[in-house]
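Visitor: Walk me through this one, please. Keep it brisk.

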Amino acid sequence: MSDAFLTLAQCGDEGLSCFIVPRWIPNSNPPQRNSGLIFNRLKSKIGDRANASSEVEYRDAWAEMLGPKGRGIQTILTMVHHTRLDCIVMSAGLMRRCVLEALHHTHHRKTFGKRLQDSLIMKNVLADLVIESEAATALAFRVAETFDAQPNDEGEALLGRIATPLAKYFVCKRAPQLAYEAMECLGGNGYIEDGIMARLFRQAPLNAIWEGSGPCAPTLVHPFVEAIASFYCVYGALKQTSITGVLVVSVGFSMTVVSIRMSTACLWHQ
């Protein structure tokens, strides 16, 4: 579907380098297709079916290098850092749509003469869904602010480096669970293909897999946690604190910051 593809390939002894492979060879007259770019059968995916996916083979394909030789990982991660923000925003938007479907159904659906949303238990469920959706939206916007400010603000740039993978991990991991809880609000109507909830439910896990799946997030945050741990190790040596305690404090500190930001976002939106 795309007109250009980023890929990593070995470049002699220099190591992995980043290349852009176009579908059509630039400046060719008449226009010439990049015959070395070969697509195999389309994948039959659980969801996201409007976005075609397939295996790709390169056989003497025309390509142009992006960035310096041997720095392919660093070059492509610059792009991935931005698309992780896309994943956060998309998951937050999907969560919002799921909540709207649950609110709409419970507002109009009546059982025993009463609307579903008038039930005290249902009110609590809907309130939890709304708060979590609003928190995810607020967090997505806050991370997006770091992208706008990072060219002129080093502090925001550093915050964005650690907040982006953390927010992607949290929001994208929570989206499937929220979609399931919203589906429960619709009862059996949410479990049929005629409605939108089945499509939302199939789509929900994808953003947690794209641009570095869930297990990748801890590896991205690890250098920051390690830096905090190094600081506490020096301090802990003076206080005769164990290294294990230091690591627990460091990880706990990082997650506490995220929790505080999420709580602040909830209160701010309320």
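Visitor: What is the bridge partner of Cys18 in strand 7?

Guide: In strand 7, Cys18 has Leu66 as its bridge partner. Strands here are DSSP runs of E with at least two residues, helices are runs of H or I with at least four, and both are numbered from the N terminus.

Visitor: Before we go on, what kind of model is this?

Guide: This is a predicted model, with residues numbered from 1 along each chain as its sequence is written. Local features need pLDDT of at least 70, side-chain atom pairs count only at pLDDT 80 or more, totals for chains, interfaces and linings use all residues, and side-chain values use heavy atoms, without hydrogens and water.

Visitor: Back to strand 7. How many bridges does it share with strand 2?

Guide: Strand 7 and strand 2 (residues 16-22) share 3 bridges and run antiparallel. Two strands count as paired if DSSP finds at least two bridges between them. Ile20 also has a bridge partner in strand 7, namely Glu64.

Visitor: And how many bridges join strand 1 to strand 2?

Guide: There are 7 of them, and these two strands are antiparallel as well. Thr7 has Phe19 in strand 2 as its bridge partner. Leu6 stands opposite Ile20.

Visitor: What do strand 1 and strand 2 form?

Guide: A hairpin, with 5 residues between the two strands. Gly12 sits in the turn and has a positive phi of about 60°.

Visitor: So what's the strand order in the sheet?

Guide: The order is 1-2-7, in an open sheet of 3 strands with antiparallel pairing. Strand 1 (4-10) and strand 7 (64-66) are the edges, since each pairs on one side only. From one strand to the next, the twist averages 40°.

Visitor: Is strand 2 mostly covered or uncovered?

Guide: Mostly covered: 5 of its 7 residues are buried. Buried means under 20% relative accessible area, exposed means over 50%, and partly exposed is in between (1.4 Å probe, protein chains only).

Visitor: What lies across strand 1, strand 2 and strand 7?

Guide: Helix 1 (residues 72-108) does. Helix 1 runs at about 55° to strand 2. Axes are lines fitted to C-alpha atoms, for helices over the stretch in contact, and angles run from 0 to 180 degrees between N-to-C directions. Contact means heavy atoms within 4.5 Å.

Visitor: What's in the loop between strand 7 and helix 1?

Guide: Gly70 is one of the residues there. Gly70 counts as partly exposed because its relative accessible area is 28%. Leaving aside neighbours within four places in sequence, Gly70 is in contact with Glu14, Gly15, Leu16 and Ser17.

Visitor: New topic. What volume does the largest pocket have?

Guide: About 670 Å³. A pocket is an open set of points on a 1 Å grid over the protein atoms alone, where a 1.4 Å probe fits, with protein on both sides within 12 Å along at least five of seven lines; lining residues have an atom within 4 Å of a point. Points are joined across faces, edges and corners, and the volume is the space filled by probe spheres set on them.

Visitor: How many lining residues are nonpolar, polar and charged?

Guide: The lining has 12 nonpolar, 5 polar and 4 charged residues. Ala, Val, Leu, Ile, Met, Phe, Trp, Tyr, Cys and Pro count as nonpolar, Asp, Glu, Lys and Arg as charged, and the others, Gly among them, as polar.

Visitor: Where is Ile38?

Guide: In strand 5. Ile38 has 24% relative accessibility, so it counts as partly exposed. Beyond four places in sequence, Ile38 touches Glu55, Val56, Glu57 and Arg59.

Visitor: Last one: is Thr137 buried or exposed?

Guide: Thr137 counts as buried because its relative accessibility is 13%. Thr137 lies in helix 2 (residues 120-149).
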